[in-house]
Amino acid sequence: MTDRNAFLEKIADHLGKKRDRRVQPDVSTHLAETREQASARADRMRKEARDNAPALLGALQEGATAQGWVVHRVPSPEDAADAVIDICQRSAARSVLLARMEALSRVPVEKTLKAAGIDVTVAARPEGEAYSEEARLAVRRAAFTADVGITGVDYAVAETGTVVLHPRGGVSRLVSLAPPRHIAIIEKGQVLPSLDELFALEREAFHAGRLTSSYNLISGPSRTGDIGATIVQGVHGPVEVHMVLIG
Amino acid sequence: MEVKTRAFKGKANETLADPVLQKSLENVYSGFHLRRIQAGGATPGWDEQRDRARAIKAHTIANLDYYLDMLVRNVEAKGGKVHFADDGKEAARFVVDLARSRGVKTVIKSKSMVSEEIGLNDLLEAESIEPVETDLGEYIIQLARETPYHIIAPAIHKTPEQVAELLAAKSGGPKKTTAKEMTAVARTLLRDAFQRADMGVTGVNFAVAETGSITLVTNEGNGRMCTSAPRIHVALMGMEKVVPSMADLSAFLRILIRSATGQRISAYVSVVNGPRAAGDEDGPEEFHLVIVDNNRSRLLKDAALRESLYCIRCGACMNACPVYRKVGGHSYGWVYPGPIGAVVSPVMSGLKEGKALPFASSLCGACREVCPVRIDIPSMLLHLRSELAEGADRSQRSAGVVDRASFRLWRFGMSGRGRFDLGARLVRFVLWPLSRRGWTGWLPFPLGGWTSTRRFKVPAGRSFVARWRNRQGGA
């Protein structure tokens, strides 16, 4: 492969300059903002999201509906579990895949689903067990055969009707992707107004050494317009996506 | 990808005469252009977002060496590997060698224009590694063994009937009739590939220097599949794709997605910060970022063309272009069609070979107006035209002897009062007998091209100056 320095020297040369070791970021980019400023801004954003939680939940409902989510707004975690059962039964689901997330420990999904005779798998290796190729493949097989995948969310974004998921232990990348139906459970206080807040918070997570290996913004069902410019849902990801909003 | 820019005129004429293609091309306007216009109008602060994105791009490209260096260090800090490739051959060779060394038999691919540039699929096949395109449009194109027609909608020229035949032949099943049924067939075929493949190859929409991340924008979910299911992820990126900060992504995603399809956001945006972390359930164990030049340096070097590297590949200029909408994507003969393609394709793949492309424009300016980062495409087309006619590099000149002689004569005639009057008298003398009511339908060589499709207004019987003199004398 081409040597890195040779490659970068050539670029500097074409720009008619020497290689810069230090560049003052232009004011247009957020890089111009110091870590302290970024962190103070992130704190303000979190506070605003908490203070405006009820209004943001309403805005999310609107944004999500426009993006093709089916939105179910319920008052309590128990009602959320009922909404989940209802969705699963309506789509005649036989097997459900769960992420292991905090929200799902508050919503009694597993118990209620099992009581309804639906097969439930947690898409994660048992807590404490080390990662292995077999464990990864087992999760993948489960994801490709399940009828419904259920997750909580790490953030939701009202502007774009988006849920954000950080893969990590307990949260496979495939639960929200491979099964034909995805249900995302959202609690009050998780909603951000816009993409600006989301990416500012992710940047702050990086500064704090908390940035995850990847994250996904999910804004409605999988879709394509590649055949005759007709919109079809459910290409590689879910054909149907549900948001259960608690609060 | 094979360079066929020389065939522009022939291909364009074929497309113009093909009623099926002309019908498909109407989708470009109704399906994309009108939606983009609506989306822009409905977005508060739309123009400010564009200005900001442009300013960020200008700053980043002006300091590209610095930001690429920052990107590399941060990717490596998270356990990713970065590789540089001067040209397409080197980049493709790298991916194939990596696949072989890891015992990969099947490679799943999310849409990547760089991969088209470097001809990756052909090289993989030559080494008996199966490449599977997973963007539905790209998959259709791969089944048809063609090249993309449009950077956002690669198979927009294929009728549903043609797609049905391709999918039936591949699946061995019956021919489907609706887009929904056909999509279901493709879903089943590709699900198998997602589970078999050991390597995912993707493009990069934006790379973030500060965090060492890459971003993928898709609607189908194939980008997510390619970065979730296989154990190796290779991302191919043109060297201009870097932005400084993660917090800059919101502005870029807003303008990119609205400009591409008119959506507020695509169904999926994936941000990849490296290989899987120790505690993750899944995700690739290896992450490789390949940064490709492949003659982008030529665009960088020429200050008049540098801003073509601000392009975020939304395709809006194609949809807005009255020429693209008639001659279609294949006429341009290389990876990037349409107005931005008429600038970058000839420069990247050979200016003399692609000499027809900078002329494939009426310079109406619709592309500049619609471009989310306000790239001045018409000025760059004019710059390339002048390079072709009288550029410093004589080997790249392509204007014919007759053209050059005529323009020299024109300049001589127009730059002296007496010569101008003489010329005007001469033109009047030659053309007046051939004209009817002041118009002629025939001009002598080399001007015959003008009158082959329209008439030419002959200068008036007496010049303005002569009439003025006459009036002054009579008063």
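1. Axes here are lines fitted to C-alpha atoms, for helices over the stretch in contact, and angles run from 0 to 180 degrees between N-to-C directions. Helices (H or I, at least four residues) and strands (E, at least two) are DSSP runs, numbered from the N terminus. This is a predicted model, in which local features need pLDDT of at least 70 and side-chain atom pairs count only at pLDDT 80 or more, while totals for chains, interfaces and linings use all residues. Residues are numbered from 1 along each chain as its sequence is written, and chains are lettered from A and ligands numbered from 1 in the order in which they are written.

2. Helix α1 (residues 4–14) of chain A packs with helix α4 (residues 64–77) of chain B at an angle of about 155°, their axes lying 8 Å apart. The two helices, α1(A) and α4(B), are therefore roughly antiparallel to each other (angles under 35 degrees count as roughly parallel, over 145 as roughly antiparallel, 65 to 115 as roughly perpendicular and the rest as oblique). On α1(A) the contact is made by A:Arg4, A:Leu8, A:Ile11 and A:Ala12, and on α4(B) by B:Leu64, B:Asp65, B:Leu68, B:Asp69 and B:Val72, where contact requires C-beta atoms, placed from the backbone, within 7 Å. These residues divide into 6 nonpolar, no polar and 3 charged, with Ala, Val, Leu, Ile, Met, Phe, Trp, Tyr, Cys and Pro counted as nonpolar, Asp, Glu, Lys and Arg as charged, and the others, Gly among them, as polar.

3. Strand β9 (residues 268–272) of chain B is joined by 5 bridges to strand β9 (residues 214–218) of chain A, and the two run antiparallel; strands pair if DSSP finds at least two bridges between them. Within this pairing, A:Asn216 stands opposite B:Ser270. Strand β6 (residues 213–218) of chain B is also joined to β9(B) by 5 bridges and runs antiparallel to it, B:Thr215 having B:Val271 as its bridge partner.

4. Because 5 of the 5 residues of β9(B) are buried, the strand is largely enclosed by the rest of the structure (buried means 20 or more other C-beta atoms within 10 Å of a residue's own, exposed 12 or fewer, and partly exposed in between, with C-beta atoms placed from the backbone). B:Tyr268, B:Ser270 and B:Val272 point one way from β9(B), and B:Val269 and B:Val271 the other way.

Conventions. Contact = placed C-beta atoms within 7 Å.
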